[in-house]
Amino acid sequence: MGDVNQSVTSDFILVSLFSHSGSRQLLFSLVTAMFTMGLLGNTILLFLIRMDSRLHTPMYFLLSQLSLFDVGFPLVTIPKMASHFLQGEGSISFGGCAAQIFFLTLMGVAEGILLALMSYDRYVAVCHPLQYPVLMRRQVCLLMVGSSWLAGVLNASIQTSITLHFPYCASRIVDHFFCEVPALLKLSCADTSAYELALSTSGVLILVLPLFLIAASYGHVLGAVIRMRSEEARNKAITTCSSHITVVGLFYGTAVFMYMVPGAYHSPPQDNVVSLFYSLVTPTLNPLIYSLRNREVRMALVKVLSRAELRPK
């Protein structure tokens, strides 16, 4: 019991992302620039979806939820990392560590499910266009989004409570730039092998099931696109779906490495790079992928800019 009390009352020390790099100032500037671009890009995308009535469709409603997650991921990790770099210390309280684990797990699970639901939306739009208004009506969309959030909250609550229940009575130095379950478990002085096996099993289920739905959806979409006679309709379907497939590849590529590749094949520098990718790089790229390759979003942006120019000064 004393070990548990010690783990609750002590701070953890996070290892700086820049400790393995020679160009610390340059890397910090790049991270700060990407953080700013990501927040700005996702905020603009949320604003456009909210303001333009042409974007009040199920696809863009789901996309707005993705942008919310892409705002949340960097906000949970990057400001704390930046303050550590500027102040020259990396301590984080037990409660702060718990908050990082909870919100990152919540958003990671919810986003994985959301990407699968977005693939289903594209499947219905391409393969069953006449039934789309019924199959993707507002109540169904709200249920889909609510389910992804609920699954994220349940998973995050379980993982956070179990992870932080272990005693951390040895080193308090987390070889990572934020609190993440695999990095934290390495510090426990209790046997965590059973829990790590359960995490790997649940990780496979959480990753493989949505990936299976995504593959099945786009398998049907590909068949439907090949059978299309209209070249314009074919190009529109390919453009929209390829944007989503790109986002899926970025998200699941890093997730598979972190949670399906055995820990023996990981190293702290590799984990830092992969974690930086899904917590900052992917959220920064997502709004660019959807805006640059999506005609409706570009038109909405032009419309907003035109209104701003015509407004009297």
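## Handedness and the pairing of α3 with α4

A crossing of two helices is called left-handed if the near helix is turned anticlockwise from the far one by less than a right angle, and right-handed if it is turned clockwise. In this predicted model, α3 passes α4 in a left-handed crossing. Of the residues that form the contact of α3 with α4, 16 are nonpolar, 5 are polar and 5 are charged.

Helix α3 covers residues 58–87 and helix α4 covers residues 94–127, and their axes come within 10 Å of each other while crossing at roughly 155 degrees. Angles over 145 degrees count as roughly antiparallel, and α3 and α4 are therefore roughly antiparallel to each other.

## The pairing of α2 with α10

Helix α2, residues 24–51, packs against helix α10, residues 268–292, at an angle of about 40 degrees, and the two axes are 8 Å apart. That arrangement makes α2 and α10 oblique to each other, and their crossing is left-handed. On the α2 side the contact is made by V31, M34, F35, M37, G38, G41, N42 and L45, while α10 contributes L280, V281, P283, T284 and P287. Sorted by class, the contact of α2 with α10 has 9 nonpolar and 4 polar residues, and no charged residues.

## Annotated transmembrane regions

An unreviewed UniProt entry places the feature "transmembrane region" at residues 26–48, 60–78, 98–120, 140–158, 204–226, 238–261 and 273–292. Two of these annotated stretches can be set beside the model. Over residues 26–48 the chain is 100% helix and 0% strand, with the end C-alpha atoms 33 Å apart. Over residues 273–292 the chain is likewise 100% helix and 0% strand, and here the end C-alpha atoms are 26 Å apart.

Helix α4 holds E111, which is buried, with a relative accessible area of 1%. If residues up to four places away in sequence are not counted, E111 touches L66, F69, D70, F73, F251 and N286. The C-alpha atom of E111 lies 20 Å from that of H56, and these two residues are 55 residues apart in sequence.

D121 is also found in helix α4, and at 1% relative accessibility D121 counts as buried. With the residues up to four places away in sequence again left out, D121 touches P58, M59, L62, Y132 and M136.

S217 has its place in helix α8, which covers residues 193–227. The relative accessible area of S217 is 4%, and S217 is accordingly buried. Setting aside residues up to four places away in sequence, S217 touches S119, Y120 and Y123.

T192, by contrast with the helical position of S217, lies in the loop between α7 (181–185) and α8. At 6% relative accessibility T192 counts as buried, since the limit for that class is under 20% relative accessible area. Once its neighbours within four places in sequence are left aside, T192 is in contact with F166 and L185.

Methods:
Residues numbered from 1 in each chain as written. Predicted model: local features only at pLDDT ≥ 70, side-chain atom pairs only at ≥ 80, totals over all residues. Heavy atoms only, no water. Axes fitted to C-alpha atoms, helices over the stretch in contact; angles between N-to-C directions. Helix = DSSP H or I, 4+ residues; strand = E, 2+ residues; numbered from the N terminus. Parallel < 35°, antiparallel > 145°, perpendicular 65-115°, else oblique. Nonpolar A, V, L, I, M, F, W, Y, C, P; charged D, E, K, R; others polar. Contact = heavy atoms within 4.5 Å. UniProt positions renumbered as here; feature names shortened; annotations may be inferred. Buried < 20%, exposed > 50% of the residue type's maximum accessible area, 1.4 Å probe, protein only.
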